[in-house]
2 protein chains.
Amino acid sequence: MAWDPALEVAFHPRVVAMVGVSADTKRSGPRPGGGSSFISSYEQLGFQGRIYPVNPKTTKILGRKAYPNVSSIPEPVDLVVISVPAPAVPEVLEDCITANARNIHIYTSGFEETGEEAAKELGRRVRQIALRGGLRLIGPNCMGLYVPKTGIGSFAQLSRESGPVAFISQSGGHCNWFCHYAANYGIYFSKVISFGNAYILDSTDFLEYLAVDPDTGIICMYLEGVKDGSKLFRQVKEINRVKPVILWKAGLTESGSRAVASHTASLAGKEAIWRGFFAQTGAVPVLSLEEMAEMTMTFLYVKPPRGKRVAVLGSGGGSSVASADVCSREGLEVPALTQETQAELRKFISPAGTSIKNPLDTGLIFRDVSLLEREIALVAADPLIDMLIVRPHLDMAHSIGPDQVDRLVNYLRDFSRDNPHGKPMVLSFNSWANDPWEAELRARLQVELPQKGVPVYSSLDSASRALAKLFEYHRFQKEAAENQ
Amino acid sequence: MAWDPALEVAFHPRVVAMVGVSADTKRSGPRPGGGSSFISSYEQLGFQGRIYPVNPKTTKILGRKAYPNVSSIPEPVDLVVISVPAPAVPEVLEDCITANARNIHIYTSGFEETGEEAAKELGRRVRQIALRGGLRLIGPNCMGLYVPKTGIGSFAQLSRESGPVAFISQSGGHCNWFCHYAANYGIYFSKVISFGNAYILDSTDFLEYLAVDPDTGIICMYLEGVKDGSKLFRQVKEINRVKPVILWKAGLTESGSRAVASHTASLAGKEAIWRGFFAQTGAVPVLSLEEMAEMTMTFLYVKPPRGKRVAVLGSGGGSSVASADVCSREGLEVPALTQETQAELRKFISPAGTSIKNPLDTGLIFRDVSLLEREIALVAADPLIDMLIVRPHLDMAHSIGPDQVDRLVNYLRDFSRDNPHGKPMVLSFNSWANDPWEAELRARLQVELPQKGVPVYSSLDSASRALAKLFEYHRFQKEAAENQ
């Protein structure tokens, strides 16, 4: 795939024009013609280039000289961010053509997605101008680019830290969520692109760039519609061998498809076609932002499992039954441990009220960290087991005290990152705490551990689903390589 | 169905013998031969009857005279709670027969569920003694009864408040969870029964009692296995016409079935058979405790919807697409609002960046409570809509201030309980808060509102699933009544 130098400039601009920002710093959140928040968010991200506010009605915005139009800016402009009201967009684009500014992000919405005739006509004009002028247009109706390395981004309070994950999204709201909560899952970004109505640049254009981007190792996508489906198919199939592509294809139900039309005026496509797409490209399907985040965390931090045989270490008999059912439904196997492992476990786990077959229901062992460590080590060594899900009961923390909690956390972190058997171990807390202390501990660990590279899942369901998909991804890649 | 006077005594005992409790008050949690926590939990529940500790090794427990055996207690015993180690159980049962104490709860575990031969043999002896003596045995390997009205219960910190919900559970751990977190969903109990290995009394015996129990209006069940499947079928089919039966049948996967054997030594049965069971009895299937709690909350507080057409009121375009997909997948319809309703909404909702078709993506309206109220009233009046799911963004609370949050909460409460169109309205917060203030607000409302009778669901998925099942339940009942 070709490297696109134009997009390279858009992702790493040194000179940015912000058209439509106002001097009003009180209004929160970016909106058409509103506020100076685009400037503030660049500043907060540490943008080292130059920002030129464009607004013919004022002379100064946030201490910067305001220019009446893009063509009056005294140097070449790498990226133009447009937030004027929709009817004013064509004029701004003509001005960009005059100024030879080619990389354009139109934040403004209010085109064909409204369903109104005048707005549709306006959209057609915008597209025509962009085509005629050879503009590389992102949007309209979108949040544009977030590149922490360059310090650009349209949302407030974005992280300045970079990471190997890219996100291409047809929804600005989803970008907002994913960029803000990703850190809770230990996820940081190379490039994030919200591209809205896709008048010129579509998902496939960004994919082309990310395929060869050395800063990107995992690609997440939220798509409502796509213009060139067969191009997307070829791209994803090829990229997916090297960089996992995690894809949420929305709008596949009838109601969802109608909602897509109201949102980005896209055609959502048929569910059967997309099933085939996933089966043949090996792209990893997800159905929500939370699942996308947990799946990304899985690719970042979990080693490829050798098989689908999981051991679940928890407590409670009913809970064990539920665990076995959940894992099976999500596509994992829950085999009984070997007789040897069971015999070793029986040396320190009494028979009454426990089960050591798998799922392991070892009750009180969660109150004795050294025994729990022994249990984990034995299970991980079992040749019938490919991966472990540990479900600590946080109420145990009351009886074992804070120093033992720290010891447990450190042990789980070290064992999860690196154990002699090379087997993945992930966590999912078994706790629904009314107790505020327990709720706080859970909230803390749920964020802290993934940031340290230890995957913690919101539920056993989502943990087993992610592990099953991780296994399937690697199996697909292996078979694809063998069949070549 | 026959009223069982023996069970009536077990549920409302005046004299209780606790065999195997010790004077050790330090050990937390009930366990074989351990602690005095059974006595403490009865005391905490305000039990008004008399408790006789039985322990030959001591003379006083928690200020009460300890008796060497049941037959030495100076009055007739209504209920015996046994927590001696498994090998000592037969002797205690013989003593109960001597004392003519017929209602027995065996907490002790360590029988055939261990898979060990000696333990299986011990179980056979226990069953034989119980049969010979005509004992009405609950258990072994279970938590027994929780009846707030009578003040009996084996767990610490149970609620003293009564309500119309009964729970029959083959797992003590699930009882523990459900009884402790139910209040978060506005759920309070008439009778809760944890019955474990079911040597004598099985789910069908308790169901027979609850069918005619005037304090019980909704019956929840967690079943691993059942001895008399056709009896259960007939019972559920009949009861379900009057009192909804919500059933979690666990262990239907292969691994789950094996876990069931390790837990309560039951036979889990085939998935196809149970699918037929649900289809023909109209029982409401759930797959987790959380779903059971949300489904129960739905029956308690949501009026029967007239159809399956839902309106979703949220904000964000991507979020609307996801909402439409989710509701459709869960079996609801998401029709476009009438032209009239859309025209009325357009009078105060601008077209750019919004959608008023359904799902409603009305963005900033969540920052203006009076406009949101107007939106809700218009949508509820739409003849194409049968029910509403409102998804408030809690980050709006930052901009609108605490008094407006209170106003919104009160409005939602009043409209949800009683609106002129008689349409159900439920909530699911659209918020994943890193912001501690927002997280706290969410946690508070998620508990407070259901306690006031306003259903709040953990996700849109679970809200739409519960509403779809509520509709199906009432449709089934209506069709059953018409076919009679």
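1. To place a residue against a rotation axis, the two copies are first superposed by least squares on the C-alpha atoms of residues with pLDDT of at least 70 in both. In this predicted model, A:Glu440 is the residue of chain A that comes closest to that axis, with its C-alpha at 5.4 Å.

2. How is chain A laid on chain B? A turn of 180° with a shift of 0.0 Å along the axis does it, at an RMSD of 0.0 Å. The two copies are therefore related as by a two-fold rotation axis.

3. The contact between the chains draws 52 residues from chain A and 52 residues from chain B. On the chain A side, the elements giving two or more residues are α5 (172-181), α8 (254-264) and α11 (317-329). Of these, α11(A) gives the most, with 11 residues. Sorted by class, the chain A side has 26 polar, 19 nonpolar and 7 charged residues.

4. Why can one say that the copies meet through the same surface? Because 100% of the interface residues of chain A are also interface residues in chain B.

5. Within chain A, helix α7 (residues 229-239) and helix α9 (residues 271-281) have axes that come within 9 Å and cross at roughly 30°. Angles under 35 degrees count as roughly parallel, so α7(A) is roughly parallel to α9(A). Their crossing is right-handed.

6. Which residues meet where α7(A) and α9(A) touch? From α7(A) come A:Phe233, A:Val236 and A:Lys237, and from α9(A) come A:Phe277, A:Gln280 and A:Thr281. By class, this contact has 3 nonpolar, 2 polar and 1 charged residues.

Methods:
Residues are numbered from 1 along each chain as its sequence is written. Chains are lettered from A and ligands numbered from 1 in the order in which they are written. This is a predicted model: local features need pLDDT of at least 70, side-chain atom pairs count only at pLDDT 80 or more; totals for chains, interfaces and linings use all residues. Two residues are in contact if their C-beta atoms, placed from the backbone, lie within 7 Å. Helices (H or I, at least four residues) and strands (E, at least two) are DSSP runs, numbered from the N terminus. Ala, Val, Leu, Ile, Met, Phe, Trp, Tyr, Cys and Pro count as nonpolar, Asp, Glu, Lys and Arg as charged, and the others, Gly among them, as polar. Axes are lines fitted to C-alpha atoms, for helices over the stretch in contact, and angles run from 0 to 180 degrees between N-to-C directions. Angles under 35 degrees count as roughly parallel, over 145 as roughly antiparallel, 65 to 115 as roughly perpendicular and the rest as oblique. A crossing is left-handed if the near helix is turned anticlockwise from the far one by less than a right angle, and right-handed if clockwise.
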